[in-house]
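Work through the exercises below with the model open. Try each task before you read its solution.

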Amino acid sequence: MTHPHRPRPERADSPELAAFRRLKAAQPELAGAVDMQVELFVMQRRVQARLSTPWLEFDAVWLARQLAEGQPILRFDEIPFDWGEFRTLFRQASEILRRYDLLEQAVQDEVQQLIRAGRPTKKDVSAWYDGTATRLLGRPSGEPGQSETVGQVLALAARPFLARTVETLHQRVDLAPWSRPYCPFCGGDAELALLLRPGETRLACGRCTGVWPFPEHACPHCDNRLPGYQKAFASRDGCYRLIGCEACRRYIKAFDARKADRPFMLDVDTIATLPLDAAALQRGYLA
Ligand SMILES: [Zn+2]
Ligand SMILES: [Zn+2]
């Protein structure tokens, strides 16, 4: 006997997919961006769910020193990549971006060439990983000639492996000594801020999904910590904020957990805050 009204039990029930559906209904102008992000999300989660839990042992003295010196703790060799799986993700991610017209022909050609040559290899990804951790001294820069867009495809393919690793580290590493504007796990930049309570702000890494504490009135771009330099504007629904820095004129978008009816979801909130980028430009902030 069938139950036609029983909800489908699989991924369609994930809280993120439900949030994506609500976002699309509330803001139909974001439909294209939501659809693309859903495809990427499903692709990444399929792999992430299959990965075994990496168990990284950190020497306590080493860990304390890294955090005190502002050095990220996740070293490339410790991330459990599966290179066959990685290359499949790289190809799939590029196909999704192409379907949504986000890859120029030149980049498509570059991606095709890499795939035909059996790349990206471990060496390619290592160069990307170390090269995009821009604020670290003494790290090599990315492969010469590799376009920024190819870097974005690499980031999409690497995300499940990084996120799976960081997921387990969140529970075990005390990040209280860290208040830098970049990610304590991978060294990546902040994608969004997260306002938990007055005085309690977090930043979220766009690369590995790591979340870390950050001073409430500091700028994640220029690291200015003087009071009075941050101007905040709430989104129409009140769930998000645009926080502009009067010192460097750059901005960060924030999820306001005090106003929202669900927890922070990096993948969903990245799309939900797209309209704030236009608002920021209108107010004269720099992208
Ligand atoms: Zn990170
Ligand atoms: Zn600033």
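**Exercise 1. Charges over rings**

Which residue lies over the face of W128, and at what distance from the ring centre?

Solution. R207 lies over the face of W128, 5.0 Å from the ring centre. The test for a charge over a ring is NZ of Lys or CZ of Arg within 6 Å of the ring centre and within 35 degrees of the ring normal. Now take F233: the charged end of R283 sits over its ring, 3.8 Å from the centre.

Ground rules: this is a predicted model, where local features need pLDDT of at least 70 and side-chain atom pairs count only at pLDDT 80 or more, while totals for chains, interfaces and linings use all residues. Residues are numbered from 1 along each chain as its sequence is written, chains are lettered from A and ligands numbered from 1 in the order in which they are written, and side-chain values use heavy atoms, leaving out hydrogens and water.

**Exercise 2. The zinc site**

Find the protein donors of the zinc ion (ligand 2) and state the geometry of the site.

Solution.
1. Donors are N, O and S atoms within 2.8 Å of the metal (3.2 Å for Na, K and Ca); water is not among the atoms, so sites may look incomplete.
2. The protein donors are the SG atoms of C219, C222, C245 and C248, 2.3 to 2.4 Å from the zinc ion (ligand 2).
3. Their spacing along the chain is C-x2-C-x22-C-x2-C.
4. C219 lies in the loop between β3 (211–214) and β4 (230–234), and C248 in the loop between β5 (240–245) and β6 (251–256), so the pair ties together parts 29 residues apart in sequence. Strands here are DSSP runs (E, at least two residues), and helices are H or I runs of at least four, numbered from the N terminus.
5. The angles among the 4 donor atoms are 106 to 113°, and the site is tetrahedral (four donors, all angles between 85 and 135 degrees).

**Exercise 3. Aromatic pairs**

How is the pair of F20 and F41 classed?

Solution.
1. Rings of Phe, Tyr and Trp (its six-membered ring) pair if their centres lie within 6.5 Å; planes under 30 degrees apart are stacked, over 60 edge-to-face, the rest tilted.
2. The whole structure holds 14 aromatic pairs.
3. F20 and F41 are edge-to-face, at 6.0 Å centre to centre and 70° between the planes.
4. F20 lies in helix α1 (residues 15–26) and F41 in helix α2 (residues 31–50), so the pair ties together parts 21 residues apart in sequence.
5. F20 and F41 are both buried (under 20% relative accessible area, 1.4 Å probe, protein chains only; exposed is over 50%, partly exposed in between).

Note on methods: Four donors count as tetrahedral if all angles lie between 85 and 135 degrees; four count as square planar and six as octahedral if opposite donors are over 155 degrees apart and all others between 65 and 115; anything else is irregular.
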